[in-house]
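Okay, thanks everyone, I'll keep this short. Have a look at the structure on the screen, and then I'll walk you through a few spots.

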Amino acid sequence: MAKEHRAPGSGDKLSEFVDELQAGRRYTFERNEALKALHANGLSLRKAAMRLAAKGRIVVPRRGFYVIVPIEYRAMGAPPPSWFIDDLMRHLGRPYYVGILSAAALHGAGHQQPQEFQVVTDRPQRLVLAGRMRIRFLVKRHLQRAVTATTKTETGAMRISTPEATAIDLIRYVSAAGGLNNIATVLAELAQGMDGQKLINAAQAEDELACLQRLGHILDLMGAGVRSAALAEWIDERKPRSTPLRPGIPIKGSHVDPRWRVIVNEKIEVDL
């Protein structure tokens, strides 16, 4: 008895579409692109995508945005966020840069890879879960002022804060950066790749004196005072008020670092 030949369904077509994209070294696609390419309707595409997601072939970090999972990342549930963050932010229509601990790690600082991929943007965004990795968004007003650079990735490029801008963000987003002890540990390595004049440029772009004072104090503790010398002069010209190293806790009895006008109300212990 002859075998009955089944016409390819939407699931087969989507699988072929995904294979073709990956063969061309593309790892993301959007809903409208797939609908047009497959001549499918929304319901059939959704069902086909659910089947592929259940097999671990794709992951859907945001509605209407799909990430292809190559076999070497099947156990992780998704490729690294660096493979698709630029496409994701374009899909969301938001400016961004990779920052804080994620940027520090990309610049070679940090003993351990951060447990989440940290992205700075201009509006609140929900946490993204992609396989085992979390993508956390932090908000910055005047995002356009941030000093960033474009770095190549396995699949294209992404925006990342420079080492100097990353150092400032570590102080600004102290909780996301794991607290002052962790920040100091990261800065000890990050400072090796920092430039004094570029630090001034980043400081001028941010113009948040309290953060810069705390940063200077910690850089001195880490033995990077030479790199922060120009920053100390720049801050001194602005005659800032004394600021606590850690806001929100008592300052009574704390000594003041005269160079940075920082009230040292917390002891920093570095894990090197």
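Predicted model: local features only at pLDDT ≥ 70, side-chain atom pairs only at ≥ 80, totals over all residues.

Arginine 261 has a positive phi, about 55°, although it isn't a glycine. Its relative accessibility is 24%, so we call arginine 261 partly exposed.

Lysine 239 is another non-glycine with a positive phi, about 50° here. You'll find lysine 239 in the loop between helix H10 (229–237) and strand E10 (243–244). Lysine 239 comes out at 57% relative accessibility, so that one is exposed.

Now, salt bridges: there are 16 in the structure. Take arginine 90 and aspartate 87, with their closest N and O atoms 2.9 Å apart. Both sit in helix H4 (residues 85–92), three residues apart, so about one turn of the helix. Arginine 90 is exposed at 53%, while aspartate 87 is partly exposed at 27%.

Next, aspartate 122 pairs with arginine 94, again with 2.9 Å between the closest N and O atoms. That pair links distant parts of the chain, 28 residues apart.

Last one: glutamate 206 and arginine 172 meet at 2.7 Å, N to O. Glutamate 206 is in helix H8 and arginine 172 in helix H6, so the bridge ties together parts 34 residues apart in sequence. Both residues are buried. They also belong to one network of salt bridges with shared partners, along with Lys140, Asp169 and Glu208.

Conventions: Residues numbered from 1 in each chain as written. Heavy atoms only, no water. Helix = DSSP H or I, 4+ residues; strand = E, 2+ residues; numbered from the N terminus. Buried < 20%, exposed > 50% of the residue type's maximum accessible area, 1.4 Å probe, protein only. Salt bridge = Lys/Arg side-chain N within 4 Å of Asp/Glu carboxyl O.
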